[in-house]
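Q: Could we go through this model together, feature by feature, with the general idea stated before the particular case?

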Amino acid sequence: MQNLQLETKKLFASVSMGEEKPFDFFRILFEGVIAGGTAGVVVETALYPIDTIKTRLQAVRGGGKINFKGLYSGLAGNLAGVLPASALFVGVYEPTKQKLLQIFPENLSAAAHLTAGAIGGFAASLVRVPTEVVKQRLQTGQYASAPDAVRLIASKEGFKGLYAGYGSFLLRDLPFDAIQFCIYEQLRIGYKAAARRDLNDPENAIIGAFAGAITGAITTPLDVIKTRLMVQGSANQYKGIFDCVQTIVREEGPPALLKGIGPRVMWIGIGGSIFFGVLESTKRMLAQRRPVHDQNSKED
């Protein structure tokens, strides 16, 4: 009975990948990069119009009207950044998660997921931030194409212009990544324990949607601040994060910090469903293509 309890705890702690013997860092990194890049491109392409509407809602000041034309503006340039950013995030997250699950006590698996999510988000931010800056400038109609946006931002604002709002981006995305992946992984642990089997793709998608929607709603004020700082360009309407919050609350009222919450929750909820569904199915496909001796060692 004691051995059975120990094996059960190990299963719960390893969440989705099982125990790896031995810990194969490069294989986990490679599979994470492929799965993350695939999932990122699929979800970004499918939901880009909703993201555009959300950005325009957050960028408009006062009672300005929203332009619903050109909802796919900047998609091609954005995918060029989303692919490496998503690949980098999952490529860092997966081996970090598995290593931390080996180090942390079994009852602290949530802390391992939170930490791995934050580390993965920080690594991906090096690519995400310039991509997000260019994307949001295109979505708000400031530039005609991604190459023009990069060239003009760099010439007018310098290289640091491509990292406008970096602090607010980390303020939003590090908690977002950590919370979303922690909720997702913990829900999978509980569901898997109750069902006494591996989850299928629709079940992973539903859990991903729930985790994304909850996290998206919680982090909306941080997203509004990030958007305002990124789209202001050289106008410098805001001096920093705190000045941005104070100005928004003073001029538009506290509800302005929740602008775009509807499209954001819908976008991230649906996006979480697609992302985690594609992520898990791709990981499973890659696992099935491993050499036979690797699969046998995993089963052992």
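**Reading a helical model**

A: The secondary structure of this protein, which is a predicted model, comes to 11 helices and 0 strands. Read along the sequence, the pattern is accordingly written α-α-α-α-α-α-α-α-α-α-α.

Q: How many residues does the protein have, and what percentage of them count as buried?

A: The protein has 300 residues, of which 49% count as buried.

Q: How should I read the packing of two helices, and at what angle do helix 3 and helix 6 pack?

A: One takes the angle and the distance between the axes, and then the residues that make the contact. Helix 3 (residues 75-103) and helix 6 (residues 166-195) pack at an angle of about 55°, with their axes 13 Å apart, and that angle makes helix 3 oblique to helix 6. The crossing of the two, helix 3 and helix 6, is right-handed. On the side of helix 3 the contact is made by Phe 89, Tyr 93 and Lys 97, and on the side of helix 6 by Asp 177, Phe 181 and Glu 185.

Q: How is a pair of aromatic rings described, and how many aromatic pairs does the structure hold?

A: A pair of aromatic rings is described by the distance of the centres and the angle of the planes. The structure holds 10 aromatic pairs. In one of them, the rings of Tyr 93 and Phe 181 have their centres 4.7 Å apart and their planes at 55°, so the pair is tilted. Tyr 93 lies in helix 3 and Phe 181 in helix 6, so this pair ties together parts that are 88 residues apart in sequence. Tyr 93 is buried, with a relative accessible area of 0%, and Phe 181 also counts as buried, at 4% relative accessibility.

Q: Is the pair of Tyr 184 and Phe 276 stacked or tilted?

A: The rings of Tyr 184 and Phe 276 have their centres 3.8 Å apart and their planes at 20°, so the pair is stacked. Tyr 184 lies in helix 6 and Phe 276 in helix 10 (residues 261-288), so the pair ties together parts that are 92 residues apart in sequence. Both Tyr 184 and Phe 276 are buried.

Q: Which residues form one aromatic cluster?

A: Phe 89, Tyr 93, Phe 181, Tyr 184, Phe 275 and Phe 276 form one aromatic cluster, so that the tilted pair of Tyr 93 and Phe 181 and the stacked pair of Tyr 184 and Phe 276 have their members in this cluster.

Q: Where is Tyr 72 placed, and which residues does Tyr 72 touch?

A: Tyr 72 has its place in the loop between helix 2 (25-59) and helix 3, and at 44% relative accessibility Tyr 72 counts as partly exposed. Not counting residues up to four places away in sequence, Tyr 72 touches Thr 45, Ala 46, Tyr 48 and Pro 49. The C-alpha atoms of Tyr 72 and Asp 51, which are 21 residues apart along the chain, are separated by 9.5 Å.

Q: What is the phi of Arg 196?

A: Most residues other than glycine have a negative phi. Phi of Arg 196 is near 55°, a positive value in a residue other than glycine. Arg 196 lies in the loop between helix 6 and helix 7 (201-218), and at 78% relative accessibility Arg 196 counts as exposed.

Methods
Residues numbered from 1 in each chain as written. Predicted model: local features only at pLDDT ≥ 70, side-chain atom pairs only at ≥ 80, totals over all residues. Heavy atoms only, no water. Axes fitted to C-alpha atoms, helices over the stretch in contact; angles between N-to-C directions. Helix = DSSP H or I, 4+ residues; strand = E, 2+ residues; numbered from the N terminus. Parallel < 35°, antiparallel > 145°, perpendicular 65-115°, else oblique. Left-handed = near helix turned anticlockwise from the far one by under 90°. Contact = heavy atoms within 4.5 Å. Phe/Tyr/Trp six-rings, centres within 6.5 Å; stacked < 30°, edge-to-face > 60°. Buried < 20%, exposed > 50% of the residue type's maximum accessible area, 1.4 Å probe, protein only.
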